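Work through the exercises below with the sequence and the model open. Each task is followed by a solution in steps.

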Amino acid sequence: MDIPTLAEEFGLEEQEVRRLYLTFLESTEKDLVLLGQAFTEQDAEKIRAAAHHIKGAAGSLELEVIAEAARRIEEKARRGMIEDPAAHIANIRTQLESIRTQLSSEQ
Amino acid sequence: MFEVLVVDNHPLIREYISTLLSKQGYEILSAEDGLAAIDVLRTYCPKVIFVDLVMPNIDGRTFCRIVRRMPEHAGCFLVVLSATAAESTNLAEDCNANAYIAKGPFKSMGAHILDVLKLAERSDFEAVETEIRGLEDIHAREITKELLELKHHFEVVLASMSEGILEINGAGRIVYANAAAIEIIEIAEERLLSSKFLELFSEDDRNGVAACLRGINDAESSSSATGIEIQLGNKELELRLYPIRDDGEKSIALLMDITERKRFEDQLRRSQRLESIGTLAAGVAHDFNNLLTVVQGNSDIMAMDLQQTHPHFERIQEILRQVQSAKRLTGQLLGYARKGRFEVRLLDLNQLIRETAETFGRTRKEISINVDLDPELEVMEGDAGQIEQLVLNLLLNAGDAMPGQGTLDIQTRNVDHEEISDNVFTPKEGVYVLIAVHDTGIGMDEEIRERIFEPFFTTKQMGRGTGLGLASVYGAVKGHGGYIDVESEIGKGTTFRIYLPVKRSANAEFSAGSLHAEPGPAESQNRGTILLVDDEQAVLKVATEILRKLEFTVLAAASGSDAIRLYRENLEDIALVILDIVMPGMGGSEVFQELRTLAPEVKVLLCSGYTIQGEADRLMGIGASGFIQKPFSLRSLEQSINDVLQPEGS
């Protein structure tokens, strides 16, 4: 993760970009919890909404792997198909962990 | 630099835009959805608002619509910032925004945001860009498009419903209202949305609605919602509340305007009550007529036997006069119950009103009477006696409302059924004559107005009013297939409007509106045997005596079966049967049919404490020779017998 370049592209300071990523980590964690709950409740609409939320934010930061995983969950849920999103959630969590590591190493 | 509001439900977007614009020197506030943004706008006046489309509570389109209707934010530069901007239909039309940006990666979105702000800075708020910025940065989003179409479909359905639908969030605030709800509540959408649901209702009703809201959220099933009737301004509403199970404490309120239905129910209840009182009144009148027949018969016989110089002669005359008064009273009761004797003639209503007004005017010289009669008034068909009584009762009533001086306006004119359809009743198609009687008297309140047509209801002092005047007006109007309405205000006077249908039957003969003269006593010539049938022993006894006085031979039968037996035994001798209609066991109609089988030419004079309308009328139609209403005088009985035995022209 190239914070200085991102800062230039976003029109922000480096510190501000870091804070933005931290906000993303925090909100996505919340969305993943919601996603898990929605699956327990077998509520397709809630699954779709949470996945959509993640997809939008990841897209804004061009985090393609997360955006793609979220897109797949969203698409299934939109068709009313409730599949265990555990694998996708794990995948996203790995990505989030990697971002967290990079943020702390670059500080 | 100016103030900017960012409305988006993702914290990342809010943070990015806030940080970006703060660095440029803009003052930034943010809100997580439309509802929160409306709250912000109460105290904050941003020059530019960035708003997302898909948000919980109040969504972006609704929010834009509301902002555009807020005069204090008329100069606001609205920017729609949405991932779904590209796929949305009717976006420009719905949002009426100044610019549109498709959400994409921050690196390009940031530039679009800054460009739009520059545009806002240098142009007035009327500048409108319909082109969506940032489309090149995003991929086609078919999923979102389908979703939006689905959403649009539901919105169309909701907008076309006649029931009002409100969505209420967990904090009790309205976050959605369909078109019908806005129309029912009569509060503009921009004020309705974000307002507190409970505050729609009067303080007295709020607790009830609040309890209902708690109840549905506690209840096990969403189908447990029961409707409550509630007042909203001058409307009666039925309110149903449903919980939204999967979304926190949200609820849906379904509103139905039942004002018209309630009014109709009230009207129906009132007329049902009047009908049942009428039936009771008719029953009482019938029994009284039987009693009066006995009183009158006996008095008649005594008067015949006494010299005019006898000390009791005058007393008997007084009894007979009182019987006549009592007969008028029972007649009014029967008229109210729509069982009044009904003689249909073509009437010159104007002449009838003119004569009645003159008569009334002579008794109340201090009242000035204005008569405005339409010279082109249609000739109507009706019972002259009843209509005259109706007009007189209205005038007397108006006179009583004006104890001192006053003005009485009487008007007639032709009206079309459409002119009277504003009222609670729905008149049958056709032309009506209107009789309007307006007084400048004391007027009456709603409570009295509701009851004025009930028999025995009177506001007058004991002994002054019988409580039958307006009741018989009502009966007469209904009997003629007409309508009546009354408008009144305390201290302002009262207006009665009577609408009588204009219809002509081919065989009705013209009457100038005056009552028919009582036929005078005539010599009876054809004495013979009469079979008298009545279940009331006292009536039977006195009528037998009267007939004997009139030099008839009388066979008396106290029941239908006795009558048949006596008739069969004396078939050759009996010249006439006087037949009571209402009898227990074998009734008058059955007896009549049986007699006709025995002798098709049998002459039957019908007799009843009820009137000719109904059964008697039917029997007249199939060959009965005449009808006499109880109580009858010796003279009128003699006249009726003569009419049957010696018809005119025979």
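**Exercise 1.** At what angle do helix α2 of chain A and helix α1 of chain B pack, and how far apart are their axes?

Solution. The model is predicted, so local features need pLDDT of at least 70 and side-chain atom pairs count only at pLDDT 80 or more, while totals for chains, interfaces and linings use all residues. Residues are numbered from 1 along each chain as its sequence is written, chains are lettered from A and ligands numbered from 1 in the order in which they are written, and side-chain values use heavy atoms, with hydrogens and water left out.

Step 1. Locate α2(A) at residues 14-40 and α1(B) at residues 11-23; helices are DSSP runs of H or I with at least four residues, and strands are runs of E with at least two.

Step 2. The packing angle is about 165 degrees, and the axes are 9 Å apart. Angles run from 0 to 180 degrees between N-to-C directions.

Step 3. α2(A) and α1(B) are therefore roughly antiparallel to each other, a term for angles over 145 degrees.

**Exercise 2.** Which residues of α2(A) and α1(B) meet?

Solution. Step 1. On the side of α2(A), list A:E16, A:R19, A:L20, A:T23, A:F24 and A:S27.

Step 2. On the side of α1(B), list B:P11, B:L12, B:E15, B:Y16, B:T19 and B:K23. Contact means heavy atoms within 4.5 Å.

Step 3. Sorted by type, the residues of this contact are 5 nonpolar, 3 polar and 4 charged.

**Exercise 3.** What is the strand order of the open sheet of 5 strands in chain B, and which strands stand at the edges?

Solution. Step 1. The order is β8-β7-β11-β10-β9, with antiparallel pairing. Two strands pair if DSSP finds at least two bridges between them.

Step 2. β8 (174-177) and β9 (228-232) of chain B each have a single partner strand, so one side of each has no neighbour in the sheet.

Step 3. Neighbouring strands are turned by 30 degrees against each other on average, direction ignored.

Step 4. Helix α9 (residues 203-218) of chain B packs on this sheet and touches β9, β10 and β11 of chain B.

**Exercise 4.** Is B:E167 buried or exposed?

Solution. Step 1. B:E167 is found in strand β7 of chain B, and its bridge partner in β8(B) is B:Y176.

Step 2. B:E167 has 18% relative accessibility and so counts as buried; buried means under 20% relative accessible area, exposed over 50%, and partly exposed in between (1.4 Å probe, protein chains only).

Step 3. Leaving out residues up to four places away in sequence, B:E167 touches several residues, including B:R173, B:I244 and B:K250.

Key: Angles under 35 degrees count as roughly parallel, over 145 as roughly antiparallel, 65 to 115 as roughly perpendicular and the rest as oblique. Ala, Val, Leu, Ile, Met, Phe, Trp, Tyr, Cys and Pro count as nonpolar, Asp, Glu, Lys and Arg as charged, and the others, Gly among them, as polar.
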